[in-house]
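Subject: Handing over a structure

Dear colleague,

Please find below the structure that I promised to pass on to you. I would be glad if you read my notes with it open beside you.

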Amino acid sequence: MTEGRPVRATRTAAELTAFPSVRAGHVMTGPAAVEAWTQAAWLMLAEGRAYIEDLEGGTEQPQMQQAAKLRLLEQLLDIDQRLAGRVPVDDAHCLAVCLEYGMREVVDATGPELAEVFGLDEEFGGESCAVDEIHLLWERLLDAFPGELPDRLVAEGQRDMLLTLRVWADLARAAGLDIGFLAPFMKAA
């Protein structure tokens with residue numbers, strides 16, 4: 001306690017560093033980096049944006065919001081694993097791994113910090129769901145992402161999405177890859 005106030009042990013979404021390895025010069029081989037960052041971009045714009053949309057549209061359904069924020073946290077861990085060059089853990093283990101080890105690629109955060117930002121102390125099935133910190137973190141991730149992530153959920157985003165896919169295909173070819181590595185992600189979306 002400091003002068004009657006509890007000392008906060010975790011950082012808020014505004015204090016977490018988004019994509020810290022990009023700033024630090026994390027190096028992967030060219031093809032591996034192209035594949036990892038393209039997968040990360042797809043997962044953020046297809047899956048991540050969908051979960052954010054669920055959080056925004058579910059204000060009358062806090063239980064649905066709670067499920068969406070858990071899935072978003074798991075999705076961010078999946079992206080974190082890919083950007084680290086690791087094989088992502090199975091979905092059944094994402095939350096446990098995230099809370100135990102935190103993240104280092106998407107955001108530099110410990111498990112307790114992520115639990116705080118995502119409001120995991122809330123009663124599941126309760127009558128409210130706090131999402132402000134999640135929205136702040138999401139906006140910081142979009143701003144810090146090395147490249148543009150079009151919003152495919154809005155009409156003008158469809159055109160931007162097609163242009164982005166074309167750029168990704170060109171980038172993959174230049175790295176000696178077949179953009180087909182995105183096919184399973186696109187089918188799942």
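The notes below go from the overall fold to the cysteines.

This is a predicted model, in which local features need pLDDT of at least 70 and side-chain atom pairs count only at pLDDT 80 or more, while totals for chains, interfaces and linings use all residues. Residues are numbered from 1 along each chain as its sequence is written, and side-chain values use heavy atoms, with hydrogens and water left out.

The protein chain has eight helices and two strands (DSSP runs, of H or I over at least four residues for helices and of E over at least two for strands, numbered from the N terminus). Read from the N terminus, these elements follow the order β-α-α-α-α-β-α-α-α-α. Along the principal axes, the C-alpha atoms fill a box of roughly 60 × 35 × 30 Å.

Of the 189 residues in the protein chain, 41% are buried, where buried means under 20% relative accessible area, exposed over 50%, and partly exposed in between, with a 1.4 Å probe and protein chains only.

As for the cysteines, the structure holds zero disulfides, a disulfide being a pair of cysteine sulfur atoms within 2.5 Å. Cysteine 94 is in no disulfide, and the nearest cysteine sulfur, in cysteine 98, is 8.3 Å away, which is too far for a bond. Cysteine 94 is buried, with a relative accessible area of 2%, and cysteine 98 is also buried, at 0%.
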